[in-house]
Amino acid sequence: MDFTVLVVDDEENFREGIKQYLSRDVNYEILDAASLSEAREILNRQPVDIIMLDVQVGKEYGPDLLYDINRIRPTPKTILITAYGEVEMAVDAMKNGAFDFLSKPVSFPLLEATLKRAEDVIRLQKEIESLMGAYKKDFSFVVGQNEKMKRIFKDAQLAAKAQVSILIGGETGTGKEVLAKFIHQNGPRANKLLVPINCAAIQPTILESELFGYEAGAFTNAEKRKPGLFEVADGGILFLDEISSMSMDMQSKLLRAIEEKKVRHVGGTKEIPVDVQIVAASNRNIPEMIEKGDFREDLYYRLRIVDIEIPPLRERKEDLPELIGFFVKSISAERGVNITKVSEPVLRAFQNYSWPGNIRELKNAIERASIFCEGDTINLCDIPADIAKFE
Ligand SMILES: Nc1ncnc2c1ncn2[C@@H]1O[C@H](COP(=O)(O)OP(=O)(O)OP(=O)(O)O)[C@@H](O)[C@H]1O
Ligand SMILES: [Mg+2]
């Protein structure tokens, strides 16, 4: 059995009806509870993937259970069952993290479609989570002594805690993605997902369906409906890398999603509420793009509630010793070699060089040196000639 579904309702007939209907599907293990306290007991005892929760459970208010549910990791997907006229409560519950709602009498095809959608999100989250395990591990953020970097370190921590939109600028290789991971790890969303998407690497039409999801039949090849990355990142962070390459049309759609905190699948009509913190990165000058009409000013201001510009390495050369030390240590550990020192001429060359590829280039230079280096010290002959010549 792949999914455990908990049905919470005081009406036994309803629970039985749902149980009978769902038990036709071998993928489900079905549990039921007649009160909120019974539901809490079950949730404390075993993992549950999907909860069907009545708004009125006897004299109790069903959505009260959401406070308990939201503390569980991974958070079960709650489908609220409402009676006629309770739509407002349902909307409220959605804001508090419910996955969806259905009204009574429950239409079975609709129930099945909703469950399938919850399953899709759970599967995708699991898949991404396992990828993220690997993604998180290789991450360290070296701050250094540069005043701007110290400031960035503080701003990033505050912005992470405040869960506001953050726009990270900086040349290629300055560490925009590393900073995004740092923000994720230092905010209350650390145990939810950080979902990265490179807007430059994806065609505009595909980008839309990736971000917002799609319905079956929305376009050729759309055989099954698929949740978008906004839904996958729900509760967590969406990292929009190279945002400056997003088309104007997509920019409008993104702005709408951010402002309304809702997305709509391509080919769908239903609005799906999402709670996502946006971290965006760009290595282009966005104000210049705005002047030329290539970037929406309103989106720019929406993204840069906190605005962080990482300086290029050539403007923070005082940090070279710490960065070199960090990379020498981590790379030799990774490659199982014992390099502990960097010779004086190499340090001089590193200080004089302008590092157009910034920290990525420095890391690559040390990685290369660790391959050529024969003793415990990196010498001039181990580093790329175009850097060594600056000795
Ligand atoms: N402050 C830092 N501490 C440790 N490693 C860093 C730091 N900054 C950058 N790096 C390393 O440099 C490399 C490039 O960093 P990153 O991918 O974050 O750059 P970027 O700004 O996103 O570049 P691009 O614009 O090309 O996408 C990575 O391997 C990263 O680990
Ligand atoms: Mg990057």
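This is a predicted model: local features need pLDDT of at least 70, side-chain atom pairs count only at pLDDT 80 or more; totals for chains, interfaces and linings use all residues.

Visitor: Which residue of β6 is the bridge partner of L53?

Guide: That's L80. L80 also has a bridge partner in β7, namely F101.

Visitor: And how many bridges are there between β6 and β7?

Guide: Four, and the two strands pair in the parallel sense.

Visitor: Is β6 (residues 77–82) enclosed or open, and why?

Guide: It's largely enclosed by the rest of the structure, because six of its six residues are buried. Both faces are covered: K77, I79 and I81 sit on one side, while T78, L80 and T82 sit on the other.

Visitor: What about β12, covered or uncovered?

Guide: Mostly covered. β12 takes in residues 237–241, and five of its five residues are buried. I237, F239 and D241 point one way, L238 and L240 point the other way, and all of them are buried.

Visitor: Which strands does β12 pair with?

Guide: Strand β9 (residues 194–198) runs parallel to β12 and is joined to it by five bridges. Strand β15 (residues 277–282) pairs with β12 too, in the parallel sense, over four bridges.

Visitor: OK, switching to packing. Which residues touch the most other members of the largest nonpolar core?

Guide: I168, I183, F230, A233, L238 and V279, out of 49 residues in that core. Among the secondary structure elements, α6 gives the most to this core, with five residues.

Visitor: What does F230 touch?

Guide: Leaving out residues up to four places away in sequence, F230 touches L211, F212, L238, A257, V263, V274 and V276. There's also a second, separate core of 32 residues, and A39, M52, L53 and I69 are included in it. That L53 is the residue whose bridge partner in β6 is L80.

Visitor: Zooming out, what's the domain assignment?

Guide: The assignment gives domain 1 (3–119), domain 2 (139–310) and domain 3 (314–388). The C-alpha centres of domain 1 and domain 3 lie 57 Å apart.

Visitor: And what does the C-alpha trace span overall?

Guide: About 80 × 50 × 40 Å along its principal axes. The chain has 16 helices and 18 strands, and buried residues make up 37% of its 391 residues.

Visitor: How do the contacts split by sequence separation?

Guide: Take the contacts between residues at least 6 apart in sequence: 72% of them join residues at least 24 apart.

Visitor: Now the ligand. Where does ligand 1 lie relative to the domains, and why?

Guide: Ligand 1 lies between domain 2 (139–310) and domain 3 (314–388), because both give residues to the shell around it.

Visitor: How many residues surround ligand 1, and which are the closest?

Guide: 15 residues surround it, and the closest are V142, T172, G175, K176 and E177. Two helices, α7 (176–185) and α15 (358–372), each supply at least two residues of that shell.

Visitor: What's in the shell around ligand 1 by class?

Guide: Four nonpolar, seven polar and four charged residues.

Visitor: Last topic, backbone geometry. Which peptide bond is cis?

Guide: The one from K104 to P105 is cis, with omega near -5°. P105 lies in the loop between β7 (100–103) and α5 (108–137).

Visitor: Where are Q163 and K261 found?

Guide: Q163 is in the loop between α6 (147–162) and β8 (166–169). K261 is in the loop between α10 (248–260) and β13 (262–264).

Visitor: And why do Q163 and K261 count as partly exposed?

Guide: Neighbour counts. Q163 has 16 C-beta neighbours inside 10 Å, so it counts as partly exposed. K261 has 14 inside 10 Å, so it gets that label too.

How values were computed
Residues are numbered from 1 along each chain as its sequence is written. Chains are lettered from A and ligands numbered from 1 in the order in which they are written. A residue is buried if 20 or more other C-beta atoms lie within 10 Å of its own, exposed if 12 or fewer, and partly exposed in between; C-beta atoms are placed from the backbone. Domain bounds come from an automatic or database domain assignment. A residue is near a molecule or strand if its C-beta atom, placed from the backbone, lies within 6 Å of it. Ala, Val, Leu, Ile, Met, Phe, Trp, Tyr, Cys and Pro count as nonpolar, Asp, Glu, Lys and Arg as charged, and the others, Gly among them, as polar. Two residues are in contact if their C-beta atoms, placed from the backbone, lie within 7 Å. Two strands pair if DSSP finds at least two bridges between them. A nonpolar core is a set of buried Ala, Val, Leu, Ile, Met, Phe, Trp, Tyr and Cys residues joined through C-beta atoms within 7 Å.
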